[in-house]
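Here is a note for a colleague who is meeting this structure for the first time. Please read the points below with the model open beside them.

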Amino acid sequence: MTASHFSFSALRLVSLAGLAAGLVACAAIVPTAPPPPNDPVTLRINVFRGSSNIPIYMAMERGDFTRRGITPVLQFTPNSNEQRDGLAAGKFEIAVAAVDNAVAMIEVAKKDVVIVAGGDGGMNEMMVRPEIKSAADVRGKIYAVDAPNTAYALIGRKILKNAGLVDGKDYKLDPIGGTEARIKALEKPESPLTMLNPPWTFVAQTRGAKSLGRTYDLFGPYQASGIFVMRPWAAANAGALERFLSAYIDGCRATMNPANREQVVDTLQKRFSLERKLAEQTYEALTTPGHGLTQDCAMQMQGFRNMLALRAEMEGQWGGVAPAPDKFLDLSYYQRALPHAGR
């Protein structure tokens with residue numbers, strides 16, 4: 001190789017390296033798209049009365065909705081059937097609940113719903129009356145559920161299946177609705193089992209119930225609570241949805257920040273009329289990795305795949321083989337909202 005050829009090659013390599021460095025530098029300084037304008041908007045948010053709502057409560061307490069021009073109006077649903085029907089009928093804009101309900105709306109009710117954010121792992125425990133020593137002891141009795149074909153009811157059915165019990169044959173499902181109704185069901189000897197999450201797990205324990213274990217340990221990672229909306233509404237109101245999600249992420253971060261522990265505990269006490277000890281136990285569950293909130297309330301994709309696989313197994317959907325998650329998700333709103341959280 002001649003000296004001139006070597007010099008030219010070296011120069012070309014230096015030039016290419018400089019170009020690559022310049023491209024990286026340019027990518028690093030590409031500005032984040034500006035946040036949507038804070039036009040005043042009222043958003044109706046339908047939820048269950050549970051601690052999974054803590055990101056919303058904290059965002060309300062800290063003014064994260066207000067500074068984005070959002071007036072949140074909370075509605076409490078008695079059961080998942082009413083929530084699903086209400087979302088489809090336009091009675092509210094945003095649903096916060098186990099995202100398996102959104103999958104049921106899409107696959108069973110054929111509604112144009114989309115999941116736009118995650119939340120937590122459910123924090124569920126299999127709660128039983130004191131005389132129940134194992135899942136097998138439920139034979140011949142009643143398993144109290146919200147709705148038999150979605151979310152936490154399916155996890156319980158799977159755990160009982162692993163114990164050798166088949167619903168409709170070895171035990172009966174009783175779809176009595178929301179958490180507080182299911183706690184009351186535990187007062188009856190014939191209805192010794194239900195799935196509960198905080199703070200109701202701890203409330204039930206004060207009334208004599210006990211836990212056979214956390215679903216995170218008995219079943220594995222699970223994407224539980226999240227946010228879902230009607231897809232046409234999201235497309236027509238992208239700015240409002242992104243602002244809502246930014247505030248939601250702020251509330252999630254505030255909850256997970258140990259510096260805010262006292263505010264979170266106080267908020268739980270106020271929202272659920274809890275004794276201090278129960279609020280502290282609920283806080284610990286919320287901040288337990290895998291069991292409680294995910295970082296920034298993002299979707300936990302392995303948990304979501306497990307959720308779909310559970311539905312395929314227990315309900316026989318999709319020929320027993322779960323589809324790819326993409327058909328149920330549109331995380332673009334969340335991804336656009338994320339850079340504006342904390343601002």
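The numbered points below take up a helix pair, a sheet and some aromatic rings.

1. This is a predicted model, in which local features need pLDDT of at least 70 and side-chain atom pairs count only at pLDDT 80 or more, while totals for chains, interfaces and linings use all residues. Residues are numbered from 1 along each chain as its sequence is written, and side-chain values use heavy atoms, with hydrogens and water left out.

2. Helix α5 (residues 151-162) packs against helix α13 (residues 301-315) at an angle of about 65°, and their axes are 10 Å apart. Here axes are lines fitted to C-alpha atoms, for helices over the stretch in contact, and angles run from 0 to 180 degrees between N-to-C directions; helices (H or I, at least four residues) and strands (E, at least two) are DSSP runs, numbered from the N terminus. On the α5 side Leu-154, Ile-155, Arg-157, Lys-158 and Lys-161 meet Leu-310, Arg-311, Glu-313, Met-314 and Glu-315 of α13, where contact means heavy atoms within 4.5 Å. The residues of this contact divide into 4 nonpolar, no polar and 6 charged (Ala, Val, Leu, Ile, Met, Phe, Trp, Tyr, Cys and Pro count as nonpolar, Asp, Glu, Lys and Arg as charged, and the others, Gly among them, as polar).

3. Strand β8 (residues 193-196) is joined to strand β5 (residues 125-128) by 4 bridges in an antiparallel arrangement, and β8 pairs with strand β6 (residues 142-145) in the parallel sense over 2 bridges; two strands pair if DSSP finds at least two bridges between them. Met-127 has Thr-194 as its bridge partner in β8, and Tyr-143 stands opposite Leu-193.

4. Which way do the residues of β8 point? Leu-193 and Met-195 point one way and Thr-194 and Leu-196 the other way, and all are buried (under 20% relative accessible area, with exposed over 50% and partly exposed in between, for a 1.4 Å probe and protein chains only). Thr-201, in helix α7 (residues 200-206), also counts as buried, because its relative accessibility is 0%. Leaving aside neighbours within four places in sequence, Thr-201 is in contact with Met-123, Glu-125, Met-127 and Leu-196.

5. A search of the whole structure finds 9 aromatic pairs (rings of Phe, Tyr and Trp, its six-membered ring, with centres within 6.5 Å; planes under 30 degrees apart count as stacked, over 60 as edge-to-face and the rest as tilted). The rings of Phe-219 and Tyr-222 have centres 6.0 Å apart and planes at 75°, so this pair is edge-to-face.
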